[in-house]
There are 2 protein chains.
Amino acid sequence: MEISELGEFGLIKRLTENLKPQNKSTLKGVGDDCAVLDYGGTNRILVTTDMLMEGVHFDLQYVPLRHLGWKSVIVNLSDIYAMNGTPRQVTVSLALSKRFSVEDIEELYDGMRLACEAHHVDLVGGDTTSSLTGLAISITAIGEAPAEDVVLRSGAQPNDLVCVSGNLGAAYMGLQLLEREKAVYLQQVREAGDRRDEVMFQPEFSGREYLLERQLRPEARGDIIARLREAGIHPTSMMDISDGLSSELMHICTQSHTGCRIYEERIPLDYQTAVMAEELNMNVTTCAMNGGEDYELLFTVPLTLNDQVSQLQDVRVIGYITKPELGCALITRDGQEFPLKAQGWNPLKS
Amino acid sequence: MEISELGEFGLIKRLTENLKPQNKSTLKGVGDDCAVLDYGGTNRILVTTDMLMEGVHFDLQYVPLRHLGWKSVIVNLSDIYAMNGTPRQVTVSLALSKRFSVEDIEELYDGMRLACEAHHVDLVGGDTTSSLTGLAISITAIGEAPAEDVVLRSGAQPNDLVCVSGNLGAAYMGLQLLEREKAVYLQQVREAGDRRDEVMFQPEFSGREYLLERQLRPEARGDIIARLREAGIHPTSMMDISDGLSSELMHICTQSHTGCRIYEERIPLDYQTAVMAEELNMNVTTCAMNGGEDYELLFTVPLTLNDQVSQLQDVRVIGYITKPELGCALITRDGQEFPLKAQGWNPLKS
């Protein structure tokens, strides 16, 4: 059977459905943003890992190594925050091909170090080896949270409010912009008879800096976690939006055995995202629902916390949780209901 | 600067020398088999990670996926044992190219699951993604040890005895054997005009099964850790032998600020290793000192424990620790001293 028939989620499900934790220190294994471990302290230990492959997750033709280093750490810290935890350590494994110089790797590491410093995280180990082909980066993040604070994907209840931080779709628009300018550049190179030296190319990014920043230099929303804590709000479920809002909503609803209703008019968008979508003749709601790489937080809170959550800076209530039989749906501006699809960002599917 | 000028250890040193842990939960970062963390329980938490790249660490022409899965977990568990700890969890990240089927990945996972079961370890998470080229495997292992039990590389003292478990060089000889048979096969394929179907090739492995097993299905020596514990022996320093005895001895001596004397005649060898080295016209001591992938334990104990350690099954005293000014040396059968070289197994150097 080809892997593409199952896709990433199908493959993971098939590989992991028979895993039964044997150790009492394993509280939660596969299936959430982090594994949850209990090593006897007052706090739970959270562990998450992500692998980034050149050509699949990043294109070094337009991603500076320093930004790549930053992002590769941030996406892991985002998973710790998504459990309502505090990240403390990362390990970094790199596989490098010969075309990288020591200075290149120092750039990459500088970006990683900046991300660690920004989030008060220690780089405590790793592995550095060679690759016959592209660059591979594997990072594991470790964090902690008081036992009663840990938030899983599975705790949403009917009538809970669905909330997101920040705005959505901007990172995806940034990627489209970078891809478009790369295509223009390659076209100019072809026209110059493949003589790259003779092409004086200036990409047109002016006025779109925010989209580039969201794609190249995403943030992990530790600030939102801190605000929730200050406001005394304990989400009933939470995850980070890495594969697109639609896909993540379906994870929460599947694991919580619920449905949901999301209002298109409530989905937070940045002005630049909307302009860029218009320019590319794309539906901005589709981009926000399925774009991915937002690294914003998606969470649910009890309806009784409506006032408190509505006052939180940079948090928007976008809908509510329903009974499971109602399914997951988007309600458009003109009042139509469309079932959500877990299109997500699935490199194994195409 | 090219990475090959620095090599793996030089590059890691350069990238990590300015890292200063900020979190009180980080007791030890980069520089040992594992990071050591303190999350407030009675036990320390140990974390290690390893990355295996196709074409660099394994050749799928002769490594069955099930064995690869086994080995990729075992090499990480070995690092936990090398801290005198007990492994509890692993996370597994895979990057797959399209040529793998679902059944292939199930084979790989089966091997991982077998290794986890054999060592009572839970697979608690990971990442599964695609690769444009070969297979990449990144595993992180987490374990624990009572604070007073953790053994670092840096605790060896002059006059301590140097001990190793099992025997050395067999995995390296297994690799030579596999490479030789692969070369014979490829020669036959060439002679058949590249028609692989027409080649009826049977590799000659008979009588060499032990070498193959050491290469393809290594063990992590949790049994030795258990025996040391039963005997009440607390090593002063320890690490696992993944890059070759010579290289690892130099790590221990550098980090402990000592020298050492190792006796060639004391180095444990299997009969098949010696026969194979003879057949390939290689010096068996060189193979044992520099071969790598043994995943045996190298440790030091106070001289006063000579009787106890000598009675341990499958453990051999091979030399002793000296003051640093004496350097690290091998004493040959005819009494000559040769300084050790950290040749090791360094894919970034060649």
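A:His257 sits in the loop that joins helix H7 (245–256) to strand E9 (259–263) of chain A; helices (H or I, at least four residues) and strands (E, at least two) are DSSP runs, numbered from the N terminus. The model is predicted, so local features need pLDDT of at least 70 and side-chain atom pairs count only at pLDDT 80 or more, while totals for chains, interfaces and linings use all residues. Residues are numbered from 1 along each chain as its sequence is written, and chains are lettered from A and ligands numbered from 1 in the order in which they are written.

Most residues other than glycine have a negative phi. A:His257 has a positive phi although it is not a glycine, and A:Asn84 also has a positive value. A:Asn84 is found in the loop between helix H2 (65–81) and strand E4 (86–96) of chain A.

| Residue | Phi | C-beta neighbours within 10 Å |
|---|---|---|
| A:Asn84 | near 70° | 24 |

A residue is buried if 20 or more other C-beta atoms, placed from the backbone, lie within 10 Å of its own, exposed if 12 or fewer, and partly exposed in between.

Chain A is divided into domain 1 (3–147) and domain 2 (153–174 + 212–339), with bounds from an automatic or database domain assignment. Their centres, taken over C-alpha atoms, are 23 Å apart. The contact (C-beta atoms, placed from the backbone, within 7 Å) takes 15 residues from domain 1 of chain A and 16 residues from domain 2 of chain A.

Methods: Contact = placed C-beta atoms within 7 Å.
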